[in-house]
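Here's a quick briefing to read alongside the model.

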Amino acid sequence: MVTTLTKPARTGHGPTRAAWFVVAVVVLVGAAGLSVVVGANPMSPGTVLGTILGGGTDESRYLVWDQRIPRTAAGLVVGAALGVAGALIQAFTRNPLADPGILGVNAGAAFFVAVGITFFGVTSPYGYVWLACAGALVLTVGVYTIGSAGGDHAGPVRLTVTGVAIGAVFAGLTTGLTLTHPDSFDRMRGWSAGTLLERGFDVVLPVLPLVLLGLTLALVAAPGLNSIALGSDVARSQGVDVRRTRLAVLAAVTLLAGGATAVAGPLVFVGLVVPHLVRWTVGSDQRWIVVGSLLLGPALVLLSDVLGRILVLPSEMPVGIVTAFVGAPVLIILARRRSASAL
Amino acid sequence: MRLLPASSPTRRLLVAFVLPAAVVFAATGCTVAGATSPDASAGPSATDASTHLVEHARGETEVPNDVQRVVVLEPVQLDTTVALGVIPVGAAVLNEAAGVPAYLGEDAAGIATVGTVPEPSVEKIAALKPDLILGTESRHSALYGQLSTIAPTVFMATQTDPWTDNVALVARALGDEAGADQLLADYTDRCAEIADTYDVAGMTAQFVRPRDGILTLYGPTSFAGSTLECAGFTIPERDWEESISVDISPERVLEAQADLVLVSATDVTDETLVPESIRSNAAAFPGLNVVDQSFWITGVGPLGGMTVLDDIDRILAETK
């Protein structure tokens, strides 16, 4: 089978890799725990535990069940989706600077949300979800159609260029729309920073099937990506259906990035940095990069969100601003390493 | 209703895409206007009986006593000029789609808009041939030179100063200080009337503006806060960080509790605009009222103040 033929370049990862995944799981569980215990309204861990076990006051029940647990769930879904989408798009385009937004997902989602806010009076995060999903899907399908026009199937370079171009056009339209409608600008401001505030289960659950489908596609397509990394011809000779793998990857990226953006708005840097961190530590096997990103993505989002809750008390900083602050230095460190992580 | 005014979606779509183009034209037009205007800043500078000297944030300016065509660039200036019976010929507005706020009444409905408050259009202002322009140093500082070639221009320092001070400056520019004193006296009387009628003394009130989950609490120095205190309410004590308002996390929503809690919305009939944090704690907010932000937040001035007081009167009458 394919998997046996496409062993990662570096071997002998066995015990190290197992240890890495144990650490990643511990970090993720720790991040989720912090996300339930730490908040802008301090509460002792004992009170939190008591509340989860059925006790607590009205206020502690509100804090735990209405605020922290739903937003922790949202952070898990968004982080997992963005991490995996980032891993896929970097492998697909063989571009270490690619992030899920490169196919126009964020631009499409933002434009649809802006139109919904401006012309149809949509005001709730629940309303944004469907607009953002629709925008992400429509724009990626558009990018794929244009990128694959002219006979040849959609290659990564064409798709990237088309995605960046169309994304820029729609970002411009969104800016034009919000600058001329200050009310929309006000509402979009929160959304476009990326936030987990008031993203309850009513927002997360409708998106969950899309994200799960995207994750499944990602796990199915990851082995094929290993072969494609060696070139289309090699992949074909190894029995990989290049076209089908690419379609699966694109569909997965759209579902994952679209779903994440629908919940939280465009969170920058998560999809870019997480796969780098994973590649740096577990090597270049796409299967492990996907699984690693699935663990580290939510850990990064949750830790950033926890930071955002305590940085500007008594207010909160949107998680998207924190991920930018946390992500940029990490990326610089990675870029300054002597050997860039192989793709 | 306020969210989606009469204009059709297509028209607004058109506006959204045509306006940026218009801005470009305006920007290029500006330089031409600046270059061709004769003797800059001279205007009607001859000190005679037909003008009066106004001291303001950018120095001193001679203003005609009988101004007919005023352009205002700040909501408090729009409100005050309308209240004093001088309907401006042009006004910068917060939201071009919504235009001049409805609470200002029919007389104000026909005022031409000259761009937005942060970005007024010098071209449109010049086209109105004003004889007085009112602006704000903290917002329109860079435009002062251009504006003063068009007409005598008076700037207030900032929009965060106590609003009654800004009302007084507008009155001095219009040469109608007595009128402004009367307006402010009427406002204070109306406050006292409400405080007496409903026995407000000892009651607390908190005005809250929800924004993307975050709650903005308005303090005693804000327009809404000062009007509530004028009507006899006390705003619950907290550290206002020397600002007119403080943002709090939804986790701290209980800090917004008061005998009377007012939540602003663009559409008071849309219950989904009440933030989830307050809806989840309904028991802690028995005295909750949704109010119209078009005058509670942006209606700074004597007319807006009276409208807010009317709203407080209505709410107290309903709850009694």
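Helix 2 (residues 75-83) of chain B lies across strand 3 (70-72), strand 4 and strand 6 (132-136) of chain B, and the helix runs at about 145° to strand 3 of chain B. Axes here are lines fitted to C-alpha atoms, for helices over the stretch in contact, with angles running from 0 to 180 degrees between N-to-C directions. Helices (H or I, at least four residues) and strands (E, at least two) are DSSP runs, numbered from the N terminus.

This is a predicted model, where local features need pLDDT of at least 70, side-chain atom pairs count only at pLDDT 80 or more, and totals for chains, interfaces and linings use all residues. Residues are numbered from 1 along each chain as its sequence is written, while chains are lettered from A and ligands numbered from 1 in the order in which they are written.

**The sheet in chain B**
- Five strands of chain B make an open, parallel sheet in the order 5-4-3-6-7; two strands pair if DSSP finds at least two bridges between them.
- At the edges sit strand 5 (112-116) and strand 7 (153-156) of chain B, each pairing on one side only.
- Neighbouring strands of this sheet are turned by 20° against each other on average, direction ignored.
- Strand 4 (residues 90-93) of chain B runs parallel to strand 5 of chain B, and three bridges join them.
- Across from B:Ala91 you'll find B:Thr113 in strand 5 of chain B.

**Where the chains meet**
- 27 residues of chain A are in contact with 32 residues of chain B (contact: C-beta atoms, placed from the backbone, within 7 Å).
- Helix 4 (58-93), helix 7 (156-180) and helix 8 (182-193) of chain A each supply at least two residues of the side that touches chain B.
- Helix 4 of chain A gives the most to that side, with five residues.
- The side of chain A that touches chain B splits into eight nonpolar, 13 polar and six charged residues (nonpolar: Ala, Val, Leu, Ile, Met, Phe, Trp, Tyr, Cys and Pro; charged: Asp, Glu, Lys and Arg; polar: the others, Gly among them).

- The peptide bond from A:Leu313 to A:Pro314 is cis, with omega near 5°.
- A:Pro314 lies in the loop between helix 13 (286-311) and helix 14 (319-336) of chain A.
- B:Asp199 isn't a glycine, yet its phi is positive, near 50°; B:Asp199 sits in the loop between helix 8 (177-197) and strand 8 (205-211) of chain B.
- B:Asp199 is exposed, with 11 other C-beta atoms within 10 Å (buried: 20 or more other C-beta atoms within 10 Å; exposed: 12 or fewer; partly exposed: in between; C-beta atoms are placed from the backbone).
- B:Glu241 also has a positive phi, about 50°, and is in the loop between helix 9 (223-230) and strand 10 (245-248) of chain B.

Technical notes
Two residues are in contact if their C-beta atoms, placed from the backbone, lie within 7 Å.
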